[in-house]
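Work through the following exercises with the sequence and the model at hand, and try each task before reading its solution.

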Amino acid sequence: MITRTRLAAGACALLAALAAGMAFPAGAVAGEPTGEDAPKVDLVLDVSGSMRTRDIDGGTRMAAAKQAFNEVLDATPEEVRLGIRTLGADYPGDDRKTGCKDTAQLYPVGPLDRTEAKTAVATLSPTGWTPIGPALLKAADDLDGGDGSKRIVLISDGEDTCAPLDPCEVAREIAAKGIGLTIDTLGLVPNTKMRQQLSCIAEATGGTYTSVEHTDELTDKVNQLVDRAADPVVTPVATEGADACAKAPTLKSGLYTDREEFGQQRWYRVDVEPGQELRASVSVGADRAVNPSYGVLLRAVTVHGREIVRGEATGNGRTDVLSTGLRYPKQESDEEDAPAEAVCLQVTNSFSVASGVKTTPGLPLELTVDVVDGPGDSADVAAFGLGRGWWLLGLLVLAGFLAGLLWGWLSRWRFAIWRTN
């Protein structure tokens, strides 16, 4: 089991994640934005009875949500296909079975008629139960079809009241379908249990969770998420890693998806020219219940098995996605037409499951690979070898030695002055 996390790995993961956002060259490049379909957003609003509570800027939670929705509808980009779904808006009774079916499409996902959508929102009144799980399943159906980005924005002020249909498990099922749907959650004046549930829903699909206690915060965050849906979509390219470096597929810069069984190793190859830098990151998602304490390791090794650099991360069961990354600058060569170096990337996980949980198919894996021009002479600390730590260590030792000499000399001088006086 992987048990330690390095600070350097965290920095590499950040750099690799930034690299994933860069535009790749035109042509047959993996993970290129498609731009074929309009982005879709389904706003899912909790209209349960607790939304009557007056604790947001002196008004009710429902009033804050309506005001935020009106401002968001005015600011929605023209290219976004937006819909609104409610949960707990229609059934005021005590029958649990009926209450847990109370979710409806208030405004269909499609071209936005702002006046019509605002009129629909104005009719809402806090009513019933909180069937978050059923609402997410229906919202996923609302967004079905097309290759554009798909995003659910869930706004709730309470926990799901329709267990055992656990909304976190529902989110994992949606992520496992591979339809590229992201769920972002916003908690209105949340408690600890609600915060954990909404965080779990968001993390299962790579979304975000935000705690909201003021109307302007709610407006700003929903606007941000709707605008984010309009960003170009990067479609991962399916690949299949090998069980050894010699058999591994050769990858170019791009975004790739694969499946990795529990405890399995997956190998991939990348060609790196002299003077280039390899940046890579990997994310492994727990799309089913897993045991606590697990890790993910990403290693870059030569074809002969010598480790070049590694990145690793550990988890404790509180997150559904674990990511790490690495960075490797290849030194320039004095030889003309120097051959490219084949670097092997190894992905290993230490996830495990209890008996009765399916182990196949493997866990979803997303790999980002980017090969760029290496750092300049002074543009990056890696150019000086500081990335490996030895030069930095020597510099610190020398600075400490000189500081010690200076402090000793000052102490002797002050002592001599004191004796003279």
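**Exercise 1: The cysteine pairs**

Cysteine 200 has a relative accessibility of 17% and therefore counts as buried, a term that stands for under 20% relative accessible area, with exposed meaning over 50% and partly exposed in between (1.4 Å probe, protein chains only). The model is a predicted one, in which local features need pLDDT of at least 70 and side-chain atom pairs count only at pLDDT 80 or more, while totals for chains, interfaces and linings use all residues. Residues are numbered from 1 along each chain as its sequence is written, and side-chain values use heavy atoms, with hydrogens and water left out.

Task: Which cysteine forms a disulfide with cysteine 200, and in which helices do the two lie?

Solution, step by step:

1. A disulfide is taken here as a pair of cysteine sulfur atoms within 2.5 Å, and the sulfur atoms of cysteine 168 and cysteine 200 are 1.6 Å apart, so this pair qualifies.
2. Cysteine 168 belongs to helix H6 and cysteine 200 to helix H7 (residues 192–204), which places the linked parts of the chain 32 residues apart; helices (H or I, at least four residues) and strands (E, at least two) are DSSP runs, numbered from the N terminus.
3. The torsion about their S-S bond is about -45°, so the disulfide is left-handed.
4. Cysteine 168 is also buried, with a relative accessible area of 5%.

Task: How many disulfides does a search of the whole structure find, and what is the pairing order?

Solution, step by step:

1. The search finds three disulfides.
2. One of them joins cysteine 100 to cysteine 162, with an S to S distance of 2.0 Å, and because its torsion is about -100° it is left-handed.
3. Another is formed by cysteine 245 and cysteine 344, whose sulfur atoms are 1.7 Å apart; cysteine 344 lies in strand E16 (residues 341–349), 99 residues from its partner.
4. With the bonded cysteines numbered in sequence order, the pairing reads 1-2, 3-4, 5-6.

**Exercise 2: Threonine 103**

Task: Is threonine 103 buried or exposed, and which side chain does its own side chain meet in a polar contact?

Solution, step by step:

1. Threonine 103 is located in strand E5 (residues 103–110), and its relative accessible area of 17% makes it buried.
2. Its side chain makes a polar contact with the side chain of arginine 85 at 3.0 Å, where such a contact is a pair of N or O atoms within 3.5 Å; within protein, one must be able to donate a hydrogen and the other to accept it, and residues adjacent in sequence count only if both atoms are side-chain atoms.
3. The side chain of threonine 103 also reaches the backbone oxygen of threonine 86 at 2.9 Å.
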